[in-house]
Structure formats: structure tokens, C-alpha cells
Amino acid sequence: MKRFFLLASCALSVALCPGAVHAQDLQKPVAEPPPPSTNPTPSDDQVQFSAATLEYENETDIVTATGDVRMYRSGDRLRADKVVWNRKTGKVVANGNIAVTNPTGDVAYGDSIELTDSLKDGVVDNMLIVLERGGRLAARKGTRGLDEVVTLNDAAYTPCAVATSSGCPKEPSWKITAVKVVYRPDKQRIYYKGAQINLFGLPTLPLPAFSHSVGDGNATGLLEPDFRYDRVNGLALAAPYNFALGPNRSLIVTPRVFSAALPMLQTQFSALTSLGAYKIGGYVTVSRRSDDLTTGGTALSSENALRGYVDGVARFQLSPEWSISGSLRVASDRTFLRRYDISRDDRLRSTASLERIDRDSYFAVTGWYVQTLRLNDRQGLQPFALPEIDYRRRFNDGVLGGKFQLQLNSLAITRTAGQDSQRAFASLRWDLRKLTPWGQEVTFTAYGRGDIYNTSDSATTAIASYRGLDGFHGRAIGALAVDIKWPFIGNLFGGTQRLTPRFQIVASPHTTNLDVPNEDARAVDLEDSNLFALNRFPGYDRWEDSTRFTYGLDWALDLPGLSIQSTVGQSYRLDNQPTLFLNGTGLSDRLSDIVGRTEIRFHDLFSLTHRYRLDKDNFAVRRNEIDATIGTRGTYLLLGYLRLNRDITPTIEDLQDREEARVGARVQISRFWSAFGSTVIDLTNRDEDPLSVADGFSPVRHRLGVAYEDDCLRLGLTWKRDYQNTGDAQRGNSFLLTLAFKNLGR
């Protein structure tokens, strides 16, 4: 009898086991494999065993176990209604509700399993294998060799759900059918011969020889293809192929073929190490260049040239405090990314940084390089920022209970055909926050800073207020501030409202700003986010001096399912001397413009954010920005509107006036089908920008599409249209076909 137990335990090591299914029937059996026994096994030669009855026939030398037979050995689990072993012929047969789970978690079902007396190989009729990592294989017949390789005939594979949410059988979105399938558990890979992909039950794509991974690790093989059409490049096909160079490294090579342009090669190498991860990739092709069409005196070249783009990113955590990171983005010319629909950025920034962060300090050494993609910008005027050294440390004052923050900073900016500058400063800030017995929150702030600048070639900067003076110059900056908040809380409309008046005083002596260059404080705009800032310039190179009062009001209402938050404020400067702020920024006069923000949210169905700035003299809307979301996760509408009408000189201020509208929507047609679309419309005319030649309604681009997506398939068709020419990135239509078989391979 012990020998029978040993034979049965050997059978458990077979990863292929039968269950009651038909050929290529991918439906899930009703019966599930049993959990293992809680009692451990002493050795691989012993098996945990249970059955309702056990019979032994002396004449025929046959052992029969019946009635919910369960066996567990070395991580393998077997459940069957009946197990018969013929000791004379050496044949072992299991029948009835067979379910076998191997140590990796794969579950096999079948009508019957028959083992030879080698106890290492077997044959299964009408077999179904449910893989532990998702997916299932069904076959008319399956065999397992001595090397544990499973060979299936007349088989089918799918990772898709084969039952509805109510448990009713359904046809999977896609499956692979093949004359022969080989499953290698050791490699976690499936190999096909004479295969084809069936989409929605219809044969679509033949795959004479094909394989894919079914494991979680990195694997070599094809990734999802990309089909598209556009006016410039014609029909395009991309077929990425992943080369697994190890469990933590991969190389993806993507040939891209066009009907109206020469082919392009895309590569991407990525790796994960014990310290971090990095990824670098690029594109390379040969095509005609015409990236300076609007630059005077530049001839249009029709000669083919080598063009491309490199994109990389890396981050390594050297210790709990120290890290190093970087990114690289460089293009061969200014229109390559737009022409091939890779990116619409108008600047590319490469950076590298070494950082140390702990609980109370921060240290970083960072460098930047900027490549402009704007047709009329000179690359020689783009800065190299190398390096910026920034150190910050906070500590308690030890007396009053406040906190100090020390900052040391230096920056060197170099241009190949423009102004160069170097800057260094040291600052110390003290903040003390107190709550009064009446509930006011009072914050006292003291700030001091000393700067030194060195500037050369300042005459190359076109705007005088940005230049500074050549040579070394220093300045001292100081400020004292008091910020008071007084919240009032009460009941309203069955909810809670909070009304918080806020008042701030900032006093700062006169500062010689124009002696030093302005590199990082150019795009000035008063808004709710900087209304109460100590310095309302965005960078360090300009400092807002004099004494000012800032006052505002915050209001919030919280109801069941509804929340409203609103803030509004204004400032008044005591000094009547000319200010650094230009007309139109909202800060040029002693009394500033009025700024505010309102946010409304109703459950998850509606949200709205409105930002605005009103002219202090006539309440004209100088800034009007609205972003709204309406709908559910499946069906929603996105609305956006922006108008900057600040009457500012566009040749001086970096943030130019404009008006645009954005609309996006998605409609869930059925459970898996949806339609979507978006558009951006330029509404700018001469009222906002005197230099504009637009008529006030100029579409920039739009997108319309339809998509199908379920648990294992993504299918979509998108139509995009651009309305603007940028060099050889010409306006026109493009179509993108998306076909992704989820869970197929890596």
C-alpha cells in the first residue's frame, strides 16, 4: 500500500492534469482544486492522503481509491473522484473532477489522466490549464514529457475572462488557436505552430511561428504594434521588439516604416539596479530639413539629412540621504519631434542633480541645458545653468519657539552668444507662529539676505530692465512681516462654513534691483497663489521692496456631497516711488488689482475652479481662467477657458496676453465601447495681442476617436488634425489605430 502512495505522489509532480472540459473549451470548471493540508510533509517520499474508501484486489493486483481523493506532496496538490493503480501493468489512472495544482500555482483540469509506469509522463484528454499568473490553455489532448514540457494538440490560449460578472459563459475578446502548442513551465513561455489570433471569434492575424511569455519577469518578444497615418509621413507601422538582457535589463528596438518617408529606427534601453533605475532611448532617420522657414535670410534646404532625438532619465539612491538624478533631451533640429508626432514641446531641458536630504537640511548641486525648438529663437541666447549650488537648513531659535531657515545659493549662467552672469547669496529667515486666546493665528517673519553678482556682455540682452550692469555688484535685502488669520466657524444650510479674514504687513527697505541682471524673475503676474508671498517676483533676481499691506478673505462651505472654497484679496503699497512691476502685471500702482479663486465640488460629478484678476480702476477682467469637469469616470466633459487681457507690452513681458478655449469629452456608449474627443481653439485677436494676425477663432488642433477596452483588449481609432505649420511639421490630418492585446507577453 505504501508503494501505491509513492506512485500517486510521483504523479502529483506532473503539471499537466485533466478535468471535465471539451477540446478548446476555455470555460472555467465548476470544481476548484482543494487547499493543501495544514500538516507538513516530513520528506518528498511521503504524501498526505485522504479518500472516502480504499480497495485492494489481490487477484488483479489493483488498488482503487474513491470518494473525494486528495493528495499533497512537495507543493503539488491533487483532487479527483477516483484513482486506480494497476500494479501488474504499471498504469495509474485518475478520473472525475480532476484538479491538480503545481508549486508555481498553475491548475490543470481534464477528463482523465493516464500515467505510464515511468510515472514521469502522461496523456490527458480534453485538458484545461489555468495559469497562476493569468490565462488558460485548452486542448483536445495533451502530453507531458520527462522534462515536464507540456505539448498540446488542437489547442487554444486566452488571458481574457471567459465568463460574465454573473457567471455565464462568454466568448473571450481574443484567443490564439493553434495546431500545436508547447508550454515550458521552466521558461514560463508558450510556443505555437500553425497559430492565428481570433478577434471576437473571427480569425484575423496568422501567426505561423510565435511564442510569448506567461510569467512576470522580463521576456524577449514582440510588443504591441502601432499603426497610424498622417499627411506628411503617410501610412506608418511600428513593430517594437523587446530583447530581455536579464531580469532587470531590456532593449526595445522599434523599426518604424512610412509610406511617404524613409524608415526610422527607435531604441530604448532600460535597467533596474540595486541603487536605482535608468532609461535611455532615441530615434534616428534621414529626411529633408526645413526647420527655419520663418527666419529671414534662411534658405529652404531640400537635401536629406540625418535627424534624430535622444531622451534619457536616471535616478539612483546612493544612501537614505544621498541621491543622484538626471535627464537628457536633445533633438537634431527644431521640427523633428513635431513632424513625427513625438512631442509638442517648444523647449527641451537636460539636467543633472546631486542631492542630499535629511530631516532638517537640503543640499543640491544641479545643472541645466536648454535647447529651444522655437523657429525664431537664437540658440546662442539659451542658457547653460552650471552649476546651481543650493543649501538649506532649518533649526529652532531656542528662545521664542520659532524656526530659522538658512539658505546658501550660487548660480552660474553662460550663453554662447549672450549675457553671462554669476550669482551667490546667503539668507536667513525666522518664522514664529502663535495662536492667541481669541483664536487668531499670528505669524511673525524676519528675513535678511546678502547678494553678490558678476555680469558680462550685458549689452547683448535686448530688454534694458533685464540686463543689469557689467562687473561685480552687491546688494542687501531685508524684510519684516506679520501675517494674521482669524477663522470663524459656524453652521450654515445644514453644513459647516469657515470665514477667515487675513491681513499681512511686509516692510522692506529700498533695494538696488536694476544693478543686477534679471534671469529668473521675468514672468510676473499677480494671482491668489502669490498674493501673500514675502516676494511676489517668481525668482531671486528681483526683490519687492517698500512697505505694503495685503488683505483678503477666505470662505469655505462644507455640505454633504458639496464643498465650496473661495478666496479674494488685494494689496496696498505705502511707497509712491516708481516700481519694478510693469503696467499690466496688477502690481504697478500703489493699489494692486483684485485677485481671487473659487473652487466648487459636488460629489464626484462636478468640479469647477475659477481664477480671476480684476482691474482696480474699472473692474475689467484682466485674467479669467476656468477649468471644469462634469460627469462620471466613464462619461465626462472637460471645459477650459483662459483669457489674459492685461494691456502689457508683449515685447517686454514673458507672459503674453492670449485667449483660448479647451474642450474634451468622453461618452461611454456601452460597457466596453466609448467615444472621445478634444479641441483647442485660439481666440486671441488684436484686443489681447496687438501683434496677432488671428481672427479670434483659430483652431489649433483637435482629436476625435472611438475605443473598445475590456480586461484583455484595447482597440481604438483616433483622428487628429493640426491647423498650424511648423517647418516640415505641416498641418493636416493624421489617423492612429490602436490594437493592444493585454497580458500577451511582457
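Leu235 lies in strand E15, residues 234-238, where strands, like helices, are DSSP runs numbered from the N terminus (E, at least two residues; helices H or I, at least four). At 55% relative accessibility, Leu235 counts as exposed, because exposed means over 50% relative accessible area, buried under 20% and partly exposed in between, with a 1.4 Å probe and protein chains only. This is a predicted model in which local features need pLDDT of at least 70 and side-chain atom pairs count only at pLDDT 80 or more, while totals for chains, interfaces and linings use all residues. Residues are numbered from 1 along each chain as its sequence is written, and side-chain values use heavy atoms, with hydrogens and water left out.

**Surface patch**
- Leu235 belongs to a nonpolar surface patch with Tyr229, Val667, Ile669, Trp673, Val706, Leu717, Phe735 and Leu737, and together they have about 800 Å² of accessible area.
- Such a patch is made of residues with over 30% relative accessible area and no salt bridge, nonpolar side chains (Val, Leu, Ile, Met, Phe, Trp, Tyr) being joined within 5 Å and like charges within 9 Å.
- A salt bridge is a side-chain nitrogen of Lys or Arg within 4 Å of a carboxyl oxygen of Asp or Glu, and accessible areas come from the Shrake-Rupley method with a 1.4 Å probe, only the protein chains shown counting as cover for residues.

**Second largest cavity**
- Arg228, Tyr229, Asp230, Asp341, Thr718, Lys720, Ser734, Phe735 and Leu736 line the second largest cavity; on a 1 Å grid over the protein atoms alone, a cavity is a set of points where a 1.4 Å probe fits but cannot get out, a pocket is an open set with protein on both sides within 12 Å along at least five of seven lines, and lining residues have an atom within 4 Å of a point.
- Two or more of these lining residues come from each of strand E14 (226-230), strand E40 (713-722) and E41.

**Second largest pocket**
- The second largest pocket has 31 lining residues, with Leu222, Leu223, Glu224, Pro225 and Phe741 nearest its centre.
- Strand E12 gives the most to this lining, with seven residues.

**Backbone**
- Most residues other than glycine have a negative phi, and most peptide bonds are trans.
- A cis peptide bond, with omega about -10 degrees, joins Leu386 and Pro387, and Pro387 has its place in strand E24, residues 384-396.
- Asp61 has a positive phi of about 60 degrees although it is not a glycine, and at 15% relative accessibility Asp61 counts as buried.
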